[in-house]
Amino acid sequence: MLGLTKKEIDEKIDEIIDFAEIREFIDTPVQNYSSGMQVRLGFAVATTLDPDVLILDEVLAVGDVAFRTKCFQRIGRIMDKCCVIFVSHDPIQVSRICDICLYLKHGKTLAMGATEEILELYRQDQPVN
């Protein structure tokens, strides 16, 4: 699975289950997990496997504050070992994770550069309610 041997999976399974906080549900089929549980499990698997590239698409939009905090801590630990591509509409999360931003709108590049500069463009582009 995912290019790992059974031994490698066995070595990491407890870490994955514990990070995702799903031990009491581990014998439940994954298709019966809530969307939040599935995201927790997916994030735990992806970040435990020491990826070269990690793509996170709105993954921190679910879960409670404690779980999101754990995710930010884990992302911080792996960023020096892999390329993290973080997709989000949340400027606070983007500023916490990203050094460089790419601002896309309707599939077209509007700007790319330092995070705070791009976030300011994003804020200016948002409709006023």
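I began with the inventory of elements, and the chain has five helices and four strands. I am working from a predicted model, and I keep that in mind for every entry below. Reading from the N terminus on, I noted the order of the elements as α-α-β-α-β-α-β-β-α.

**Entry 1, overall figures.** I looked up the extent of the chain along its principal axes, and the C-alpha atoms fill a box of roughly 50 × 35 × 25 Å. The chain has 129 residues, of which 32% count as buried.

**Entry 2, α1 against α2.** Two packed helices are described by the angle between their axes and the distance between the axes, and I took both values for each helix pair that follows. Helix α1, residues 6-20, packs with helix α2, residues 35-48, at an angle of about 140°, and their axes are 8 Å apart. That angle makes α1 oblique to α2, because only angles over 145 degrees would count as roughly antiparallel. I recorded the crossing of α1 with α2 as right-handed.

I then listed the residues on each side. From α1 the contact takes in Lys-12, Glu-15, Ile-16, Phe-19 and Ala-20, and these meet Arg-40, Leu-41, Phe-43, Ala-44, Val-45 and Thr-48 of α2. Sorted by class, the residues of this contact of α1 with α2 come to seven nonpolar, one polar and three charged.

Next I turned to helix α3, residues 65-78, which packs with α2 at an angle of about 15°, the axes being 11 Å apart. That makes α2 roughly parallel to α3, and I noted their crossing as left-handed. On the α2 side I found Arg-40, Phe-43, Ala-44, Thr-47 and Thr-48, which meet Phe-67, Cys-71, Arg-74, Ile-75 and Ile-78 on the α3 side. The residues of the contact of α2 with α3 divide into six nonpolar, two polar and two charged.

The residues involved are Glu-15, Asp-18, Phe-19 and Ala-20 from α1, and Phe-67, Lys-70, Cys-71 and Arg-74 from α3. Here the contact of α1 with α3 holds four nonpolar, no polar and four charged residues.

Which phenylalanines form one aromatic cluster? I found that the cluster is made up of Phe-19, Phe-43 and Phe-67. Across the structure I noted three aromatic pairs. One of them, formed by Phe-19 and Phe-43, is stacked, with 5.8 Å from centre to centre and 25° between the planes. This pair links distant parts of the chain, with Phe-19 in helix α1 and Phe-43 in helix α2, 24 residues apart.

Are Phe-19 and Phe-43 buried or exposed? Phe-19 has a relative accessibility of 8% and therefore counts as buried. Phe-43 is buried as well, because its relative accessible area is 3%; the cut-off I applied to both residues is under 20%.

I moved on to strand β1, residues 53-57, in which Val-53 lies. Which residues does Val-53 contact, leaving aside its neighbours within four places in sequence? I found Cys-82, Cys-83 and Ile-85. For Val-53 and Cys-83, which are 30 residues apart along the chain, the C-alpha atoms are separated by 4.7 Å.

Leu-119 counts as buried, because its relative accessibility is 6%. Not counting residues up to four places away in sequence, Leu-119 touches Pro-91, Val-94 and Ser-95. I also took the C-alpha to C-alpha distance between Leu-119 and His-89, which are 30 residues apart in sequence and 10.0 Å apart in space.

Definitions and conventions: Residues numbered from 1 in each chain as written. Predicted model: local features only at pLDDT ≥ 70, side-chain atom pairs only at ≥ 80, totals over all residues. Heavy atoms only, no water. Axes fitted to C-alpha atoms, helices over the stretch in contact; angles between N-to-C directions. Parallel < 35°, antiparallel > 145°, perpendicular 65-115°, else oblique. Left-handed = near helix turned anticlockwise from the far one by under 90°. Contact = heavy atoms within 4.5 Å. Nonpolar A, V, L, I, M, F, W, Y, C, P; charged D, E, K, R; others polar. Buried < 20%, exposed > 50% of the residue type's maximum accessible area, 1.4 Å probe, protein only. Phe/Tyr/Trp six-rings, centres within 6.5 Å; stacked < 30°, edge-to-face > 60°.
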